[in-house]
Amino acid sequence: MRKIIALLCIAVLLISCGGSKNVTTSRTERSTTKETSVVRIERSNKEIVSQDTPEEKSLSELPYKDKVQHYIYEFSGIAKSEMKTYGIPASITLAQGILESGAGYGELTQRANNHFGIKCHDWEGDRVYHDDDRSQECFRKYDLASESYRDHSLFLKDRKRYSRLFTFNKKDYKSWARGLREAGYATDRKYPEKLIGIIEKYQLYKFDNEVLGRRDKKKDKGVVVASSSPADSRYKVKKGDTLYSISRRYKISVEELKTYNNLVNNNIKVGQVLKVTSGDEEEDFN
């Protein structure tokens with residue numbers, strides 16, 4: 001009897017110890033699981049905040065339309081300045097820049113600040129090699145985008161094959177676009193339509209109007225002195241006159257004088273009557 005009671009006591013003790021161990025183990029597992037869960041949640045939250053931060057978005061990830069708008073905002077001032085100096089419509093310059101540079105994100109533009117796809121030709125400056133019509137063609141490289149814009153103006157102005165462009169009305173961007181293709185600026189037959197499409201979609205012609213409008217206001221304020229008489233807006237060429245001497249007399253540039261009179265070169269002759277103000281030309285714009 002005593003042996004039976006002893007065995008029962010031992011059995012009760014064993015059962016009690018086993019239960020205690022199970023409870024301890026269970027608590028430990030629950031505690032560990034809870035801590036792990038907290039760590040994972042914190043990491044997840046940090047990742048979400050990082051993905052939603054707008055500052056980390058690059059301009060290169062913007063839609064093409066937004067890239068174009070950013071390009072116009074950044075370079076329209078330069079295009080207008082070049083128009084005042086060289087007579088090339090700002091709308092044409094901007095449209096070419098957008099098309100040729102991929103709105104500033106093309107490989108050639110990124111590597112060489114070349115916004116107009118101008119090849120080396122007689123270039124003596126820095127250069128890069130880029131696949132175009134042929135493999136690894138030579139293109140001009142610039143330190144600044146503004147240098148590319150100035151070289152574009154000089155490229156058109158100094159080459160005879162583009163001289164016909166400067167006989168067109170500065171508001172006639174369609175003729176300028178077609179004239180560029182005809183003069184051999186691009187091999188793409190649809191080049192004029194592409195330029196015109198960009199100009200009209202983004203209303204780039206408004207920059208031409210701003211430049212020409214400012215010229216009118218300056219003339220009205222007396223910056224360009226001219227009589228209201230039609231006779232005083234013209235000059236009859238005398239012996240010894242040059243475009244330069246006439247331009248100095250009337251305080252205008254040689255390029256403006258050539259534009260007013262649809263001149264393709266600097267040749268004039270005695271007795272020739274030249275317009276020396278933009279009055280007649282501006283009337284055609286209205």
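This is a predicted model: local features need pLDDT of at least 70, side-chain atom pairs count only at pLDDT 80 or more; totals for chains, interfaces and linings use all residues.

Trainee: Okay, how many disulfides does the structure hold?

Mentor: The structure holds 1, taking a disulfide as a pair of cysteine sulfur atoms within 2.5 Å. C120 is joined to C138, with 1.9 Å from S to S.

Trainee: Which parts does the pair tie together?

Mentor: C120 is in the loop between helix 4 (107–112) and strand 1 (127–130), while C138 is in strand 2 (residues 137–140), so the link ties parts 18 residues apart in sequence. Helices (H or I, at least four residues) and strands (E, at least two) are DSSP runs, numbered from the N terminus.

Trainee: Is the disulfide left-handed or right-handed, and why?

Mentor: Left-handed, because the torsion about the S-S bond of C120 and C138 is about -65°.

Trainee: And are C120 and C138 buried or exposed?

Mentor: Both C120 and C138 are buried, meaning under 20% relative accessible area, with exposed over 50% and partly exposed in between (1.4 Å probe, protein chains only).

Trainee: New topic: what about helix 6?

Mentor: Helix 6 (residues 173–182) has buried residues including Y173, W176 and L180. Just after helix 6, G184 has a positive phi of about 95°.

Trainee: Now the rings. How many aromatic pairs are there?

Mentor: The count is 10 aromatic pairs. Rings of Phe, Tyr and Trp (its six-membered ring) pair if their centres lie within 6.5 Å; planes under 30 degrees apart are stacked, over 60 edge-to-face, and the rest tilted.

Trainee: Which residues form a cluster?

Mentor: Y71, F75, F116 and Y149 form one aromatic cluster.

Trainee: Where does the charged end of K67 sit?

Mentor: K67 has its charged end over the ring of Y105, 4.9 Å from the ring's centre. The rule is NZ of Lys or CZ of Arg within 6 Å of the ring centre and within 35 degrees of the ring normal. K157 also lies over a ring face, that of F166, at 5.2 Å from the ring centre.

Definitions and conventions
Residues are numbered from 1 along each chain as its sequence is written. Side-chain values use heavy atoms; hydrogens and water are left out.
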